[in-house]
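Biologist: I have a sequence and a structure to look at. Can we read them together, feature by feature?

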Amino acid sequence: MSSRCPEIVDPWRVSEQKQAFSGSVQLGDLPRLSPLLSRTEGIADYQFLFSRDQHRRPLIEGRVEATLWQTCQRCLTEMPLRVDSGFRLAVVQGYDEAGQLDEALEPLLAEEGSIRLLDLVEDELLLALPVVALHDQCEAPAFYDEEISVDEPRENPFAALKRLKKTD
Ligand SMILES: [Zn+2]
């Protein structure tokens, strides 16, 4: 199954045939994702299953797995993000059709009647990335500790809590 994964598919044709594809891609080969990573070695594994919904629209059930490395913006050490993400997309031909979809389905606009599977893989990985990469708790010395405390809003509830503790 993992061999012969086509780069571009016609979703109407492969969904009629209920085709499934799986494969893997080097993270460094994903041009929108790789600049956001601290390491571009490693791979993403993916699977796609095509079928039709009750309105005969092509339906794509996909899964993407990868470990993405980013730099924590607080302590500047690397941190891994394990991604194991499933998604369901319905292929539509226009925005009107996209508005009619069930909430559980994401619309995918297929321009020119074809879709590129690696674009879907890359989109899913980009969605999994946090807006800012931060450890829950940094282990390394926090170089920016002082700056962060200066930026705290005045009405920070924790500040009030600290004052209470000090009076003990
Ligand atoms: Zn950190």
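Predicted model: local features only at pLDDT ≥ 70, side-chain atom pairs only at ≥ 80, totals over all residues.

Biologist: Let us start with the whole chain. How many helices and strands does the protein chain have?

Modeller: There are five helices and seven strands. Along the sequence, their pattern is β-α-β-β-β-β-α-β-β-α-α-α.

Biologist: What share of the 168 residues is buried?

Modeller: Buried residues make up 19%. Contacts tell another part of the story. Take those with a separation of 6 or more: 56% of them join residues 24 or more positions apart.

Biologist: Now the sheet. How do strands hold on to each other in general?

Modeller: Strands of a sheet pair through backbone hydrogen bonds, and the pairing is either parallel or antiparallel. Here, an open sheet has five strands in the order β2-β3-β4-β5-β6, with mixed pairing.

Biologist: Which strands are at the edges?

Modeller: They are β2 and β6 (106-109), and each pairs on one side only. Neighbouring strands are turned against each other by 30° on average, ignoring direction.

Biologist: In which sense do β5 and β6 pair, parallel or antiparallel?

Modeller: They pair in the parallel sense, over four bridges. To find the pairing on screen, look for V92, which stands opposite L109 in β6.

Biologist: Which helix packs on this sheet?

Modeller: It is α3, which touches β2, β3, β4 and β5. The direction of α3 makes about 50° with that of β4.

Biologist: What does V121 touch, leaving out residues up to four places away in sequence?

Modeller: V121 touches V25, A44, Y46 and V64.

Biologist: Let us stay with α3. How do I check the length of a helix like this one?

Modeller: Compare its reach with an expected value. With twelve residues, α3 reaches 17 Å from its first C-alpha to its last. That is close to the 16 Å expected at 1.5 Å a residue.

Biologist: Which residues of α3 are buried?

Modeller: L117, V121, E122, E124 and L125 are buried in α3. Seen down the helix axis, the buried residues of α3 fall within an arc of 160°, so they line one face of the helix. What covers them includes β1 (8-9), β2 (20-26), β3, β4, β5 and β7 (115-116).

Biologist: Now single residues. Why does L68 count as buried?

Modeller: Count its neighbours. L68 has 24 other C-beta atoms within 10 Å, so it is buried. L68 is in strand β4. Setting aside neighbours within four places in sequence, L68 is in contact with L37, L81, V83, L125 and L129. Look also at L27: it is 41 residues from L68 along the chain, yet their C-alpha atoms are separated by 8.5 Å.

Biologist: And L59: is L59 buried or exposed?

Modeller: L59 counts as buried because it has 20 C-beta neighbours inside 10 Å. L59 also lies in strand β4. Beyond four places in sequence, L59 touches S15, S51, R52, D53, R88 and A90. From L59 to E106 there are 47 residues in sequence and 9.8 Å in space, C-alpha to C-alpha.

Biologist: What about L76: where is L76 found?

Modeller: L76 is in the loop between β4 and β5. Its phi is positive, about 65°, although L76 is not a glycine. With 14 C-beta neighbours inside 10 Å, L76 counts as partly exposed.

Technical notes
Residues numbered from 1 in each chain as written. Contact = placed C-beta atoms within 7 Å. Helix = DSSP H or I, 4+ residues; strand = E, 2+ residues; numbered from the N terminus. Expected span 1.5 Å × (residues − 1). Buried ≥ 20, exposed ≤ 12 C-beta atoms within 10 Å, placed from the backbone. Arc of directions from axis to C-beta. Pairing = 2+ DSSP bridges. Axes fitted to C-alpha atoms, helices over the stretch in contact; angles between N-to-C directions.
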